[in-house]
Amino acid sequence: MKTQSKFDFQTKCVHSGIDEYEYGAVVPPIYQTSTFKFKNVKHGASLFAGEEKGYIYTRMLNPTVEAMENAIAELEGGHKALGCGSGMAAISTIFQTLLEAGDHVVCSSAVYGPTTTFLNTIMKKYGVETTFVDTSVSDNVRNALKPNTKVVYVETPGNPTLAISDIEEISKIAHENKAIVVVDNTFMSPALQNPIALGADIVMHSLTKFLNGHADVVGGVIVVKDEETYQRFRKTLNQLGGVIDPFNAFLVHRGLKTLALRMERHCENAQKIAEWLEKHPLVKSIRYPGLKSHPHYQTGLKQHKGPGGMITIELAGGMKAGIVMMDSVRLFQLAVSLGGVESLIQHPASMTHFSMGKEAREAAGITVGLVRISVGIENVDDLIADLKQSLDKVRQLNIKDYEMHV
């Protein structure tokens, strides 16, 4: 594979993971095959013994998937990456590789809902204890550490509250305790934040979001710093079987080519929309890393190359006002997920974070009135006009008619 380390990030997005292919193909071919033919018995035996590099079976390694993995590893400044069938496949692989019965995890309280559920159910069943804390206050991490803490898991900005955690400081604290730092970098992407450069050990993404960017793939990825860790994860992933398929890997790799450009537009649009919403009389509170009113604005300036495409708001009138707004949008689409070219809006308490339970949501600051907005790359004036007309509906309608139980 060509090395791209000397080039700018935008150039890396286009060229990372690209090798010399048969017939002079300029993009990686899709090796849509389940298995690979050996030259002879000796060749097959050497591959299985790890004495020779090559391909055996797509669950174990595939050229199309590997090209995508190499590209993302380079963009994140890592050693290697592992493509997974979903973000949750990546998360489950991480925890099941690093933890065993009797271990302890410190995890951000504002985190993807199923991450909390996985730790509180599957991992708890296997004897792993988790303490959830507000990691935007680094001392909370220090105070939560125990002698058996093996992993500090941070999502920053947090989902959906956009709480920003200081990766560099938390990494120093965790490493003093010999704990491994894992960062979910989904909301920022490597275009805006590089956790490994800030001291983290492992980075994961939901490929479904900004990295692919087109709402047509479900996938996840794990990026590691060294070969030993890579081999540990590869063994677990091969056994669990939660790998990404070649076609989806091809789509993600194609999406990476426009990542830098897309993230510029996401940030530009979201900044303008956030500034507009901040002044709107119906917006009770707003969080966006690009606003000086964000409580962790300075931390963001230290570790972000841009404020991202995610906004959360709470309306005067609470959840009922939010329901009217979400039911009234025309251009924004009422759907979960994020990071695509299209703008989305959703209600975390009843949707993405419902599985956490009311108590865990409240502890994480996920109020019933919180509305999460994923800003796409459409014309920003069109997006603002849509938000304006939906908020005008909130003014006009009797919100007491809207009920929801979460």
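1. Helices (H or I, at least four residues) and strands (E, at least two) are DSSP runs, numbered from the N terminus. By that assignment, N185 sits in the loop between β5 (180–184) and β6 (202–206).

2. The model is predicted: local features need pLDDT of at least 70, side-chain atom pairs count only at pLDDT 80 or more, and totals for chains, interfaces and linings use all residues. Residues are numbered from 1 along each chain as its sequence is written, and side-chain values use heavy atoms, with hydrogens and water left out.

3. N185 is buried, because its relative accessibility is 0%; buried means under 20% relative accessible area, exposed over 50%, and partly exposed in between (1.4 Å probe, protein chains only). Leaving aside residues up to four places away in sequence, N185 touches E76, P190, Q193, P195, V203, M204 and H205, where contact means heavy atoms within 4.5 Å.

4. The structure holds 12 salt bridges, a salt bridge being a side-chain nitrogen of Lys or Arg within 4 Å of a carboxyl oxygen of Asp or Glu. One of them joins R142 and E176 (3.7 Å, N to O). R142 belongs to helix α6 (residues 138–144) and E176 to helix α7 (residues 167–176), so this pair ties together parts that are 34 residues apart in sequence. R142 counts as partly exposed because its relative accessibility is 39%, whereas E176, at 60%, counts as exposed.

5. D201 and K225 form a salt bridge whose closest N and O atoms are 3.5 Å apart. This pair links distant parts of the chain, 24 residues apart: D201 is in the loop between β5 and β6, and K225 in the loop between β7 (220–224) and α8. D201 counts as buried at 17% relative accessibility, while K225 is partly exposed at 38%.

6. Elsewhere, salt bridges that share partners join D139, R142 and E176 into one network.
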